[in-house]
Amino acid sequence: MTPVLLLAAEKESAQVTDWAARIGWVVGLALFVALVYWLMREGWKWRGTLQGDLPELPVTPDETGPERLTMSGRYHGSTTAGQWLDRIVAHGLGTRSRAELTLTDAGLDVVRPGASDFFVPAAQLREARLDKGIAGKVLTEGGLLVVTWEHGDRLIDSGFRADHAAEHNEWVETINSMIETNSREGAER
């Protein structure tokens, strides 16, 4: 027999797949992902518990008056005013969703399909501005409409993004002029 045939006869092919090890790694990775998800969910619930002192959100009154502005877009969340990473999750304020905003003389009505709606009375509006980020959502400068409002003893920033971002400037001007008018009327009383 030639030396080449002897070498070929002695070689065995390597085992291609160790299925037991592969299944073990997949199961271990799945358990790790499940653990991380569970921890994130518990953290969300814990944050909601810490914010349990936040009163129930106001509901839209029966009579709101004529519409000043309407907008459709996205609600990106609410935070403690001035602290764009301190997300508020109590009463569903941490749930991102589509949103339909309506501004009337009575206040700001936020209708969110699939999430809880809320209403901000005009007397509780404090400021409207353009910003670039809020709790996990960062956009270009001025890409986010942020409305600051008072609820209980807290100031809250709520972030919205219109389907047509050009609408943001009109919202800022209108809300801020409403606030100035309300504060002047309050001072005259």
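Modeller: Tyrosine 75 and phenylalanine 118 are both buried, where buried means under 20% relative accessible area, exposed over 50% and partly exposed in between (1.4 Å probe, protein chains only). This is a predicted model, in which local features need pLDDT of at least 70 and side-chain atom pairs count only at pLDDT 80 or more, while totals for chains, interfaces and linings use all residues. Residues are numbered from 1 along each chain as its sequence is written, and side-chain values use heavy atoms, with hydrogens and water left out.

There are three aromatic pairs in the structure; rings of Phe, Tyr and Trp (its six-membered ring) pair if their centres lie within 6.5 Å, and planes under 30 degrees apart count as stacked, over 60 as edge-to-face and the rest as tilted. One of the pairs joins tyrosine 75 to phenylalanine 118 edge-to-face, at 5.8 Å centre to centre with 70° between the planes. This pair links distant parts of the chain, 43 residues apart: tyrosine 75 is in strand E1 (residues 67-80) and phenylalanine 118 in strand E5 (residues 118-121). Strands (E, at least two residues) and helices (H or I, at least four) are DSSP runs, numbered from the N terminus.

Tyrosine 75 also pairs with phenylalanine 160: the ring centres are 5.5 Å apart and the planes are at 50°, so this pair is tilted. Here, too, distant parts of the chain are linked, since phenylalanine 160 is in strand E10 (residues 154-162), 85 residues from tyrosine 75 in E1. Phenylalanine 160 is buried, as is tyrosine 75. Together with Trp149, the residues Tyr75, Phe118 and Phe160 form one aromatic cluster.
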